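This briefing covers strand order, helix packing and charged side-chain pairs. Please look over the sequence and coordinates first.

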Amino acid sequence: MGARDILEIGTSNGYSTRWLADAVAPNGGTVTTVEMAPATLRMARENVAACGLGRYIEQVEGDAGQLLARSGDSSCDVLFLDSERTEYVGWWPDIRRVLIVDNATSHAAEMAPFMQAVAAEAGFSTALVTVGKGECVASREADMARYWAGWRER
């Protein structure tokens, strides 16, 4: 995609963060990752330090909803959601940009209200990528979701 700025909501142990940083590194980009749990963030900091991609990662401890409310639509190229799924619908007004949402098939019941909100939004194209636990991709660019819809796990 050529993304330079990725916002990750839900750092957990930093596994996805590492892959996202690897993707933005050739573009000189940055992954900003937000985690609320201090113990989880400490573990993620250790993992980020060990992966060698720390210069591409900014770790933020705090409430994702508050950060999203302060961020404009152009604050990132891609928003990766891997957090408290029940919060997604409430965050929808602040996350209308290119989205990749993890656990879309593994937690389908929890994701249903959010997926319905995205599907009801005029001007968004969506795709369900059946890799791992499933990724929902949503974008204002019609071709973006079509690209992902054709993606296969390699």
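In what order do the strands of the open sheet lie? The 7 strands are ordered β3-β2-β1-β4-β5-β7-β6, with mixed pairing; two strands pair if DSSP finds at least two bridges between them. This is a predicted model, where local features need pLDDT of at least 70, side-chain atom pairs count only at pLDDT 80 or more, and totals for chains, interfaces and linings use all residues. Residues are numbered from 1 along each chain as its sequence is written, and side-chain values use heavy atoms, leaving out hydrogens and water.

**Sheet**
- Helices (H or I, at least four residues) and strands (E, at least two) are DSSP runs, numbered from the N terminus.
- β3 (57-61) and β6 (125-129) are the edge strands, each with a single partner, so one side of each has no neighbour in the sheet.
- From one strand to the next, the twist averages 15°.
- Strands β5 (residues 99-102) and β7 (residues 135-139) run antiparallel and are joined by 4 bridges.
- In β7, A138 stands opposite L99.

**Helix packing**
- Helix α1 (residues 15-24) lies across β1 (5-9), β2 (30-35), β3 and β4, at about 160° to β2; axes are lines fitted to C-alpha atoms, for helices over the stretch in contact, and angles run from 0 to 180 degrees between N-to-C directions.
- α5 touches β4, β5, β6 and β7 (contact: heavy atoms within 4.5 Å), and its direction makes about 165° with that of β5.

**Salt bridge**
- The whole structure holds 1 salt bridge (side-chain nitrogen of Lys or Arg within 4 Å of a carboxyl oxygen of Asp or Glu).
- E110 and R85 form a salt bridge, at 3.6 Å from N to O.
- E110 lies in helix α5 (residues 108-120) and R85 in the loop between β4 (78-81) and α4 (88-91), 25 residues apart.
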